[in-house]
Amino acid sequence: EQILKWAKIIKKNQVPFYALFHFIIAFGIVLGKSQRTHSWYIFTDPGRVLNDVYLTLTSPMLLFWVLIFGIIINSIYFFIFKKFTKKLLRKSSKRK
């Protein structure tokens, strides 16, 4: 029942959900690029991951890069990908 409620909330508020998700992806990019945190460290060395997350959250320069990457990812998604898929949907509906 709770899952259905979350699904309805996400469906109604897709833009903020996707924007937040893209900033989480940007945070992961910065973790991997600057802190050299690999995804499997979550299972093999969780203490290091928590330390790297803390270091990233307390560094203004790294937070700046999270912001920049988040803006780039959101721009690509909302301006390019969305327009491209709308054009594809129009073309496919005309063929039928």
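Which residues form one aromatic cluster?

1. Phe-17, Tyr-18, Phe-21, Tyr-77 and Phe-78 make up one aromatic cluster. Please keep in mind that this is a predicted model, where local features need pLDDT of at least 70, side-chain atom pairs count only at pLDDT 80 or more, and totals for chains, interfaces and linings use all residues. Residues are numbered from 1 along each chain as its sequence is written, and side-chain values use heavy atoms, with hydrogens and water left out.

2. Rings of Phe, Tyr and Trp (its six-membered ring) are paired if their centres lie within 6.5 Å, with planes under 30 degrees apart called stacked, over 60 edge-to-face and the rest tilted. The count by this rule is 7 aromatic pairs. One of them joins Trp-40 and Tyr-41 edge-to-face, at 6.0 Å centre to centre and 85° between the planes.

3. Tyr-41 has 17% relative accessibility and counts as buried (under 20% relative accessible area; exposed is over 50%, partly exposed in between, with a 1.4 Å probe and protein chains only).

4. Asp-52 sits in helix H4 (helices are DSSP runs of H or I, at least four residues, numbered from the N terminus). Asp-52 is buried, because its relative accessibility is 6%. Setting aside residues up to four places away in sequence, Asp-52 touches Leu-31, Gln-35 and Thr-37 (contact means heavy atoms within 4.5 Å).

5. Val-53 also belongs to helix H4, residues 46-57, and is partly exposed at 23% relative accessible area. Beyond its neighbours within four places in sequence, Val-53 contacts Phe-27 and Leu-31. Val-53 and Val-30, 23 residues apart in sequence, lie 9.8 Å apart in space, C-alpha to C-alpha.

Methods. Helices (H or I, at least four residues) and strands (E, at least two) are DSSP runs, numbered from the N terminus.
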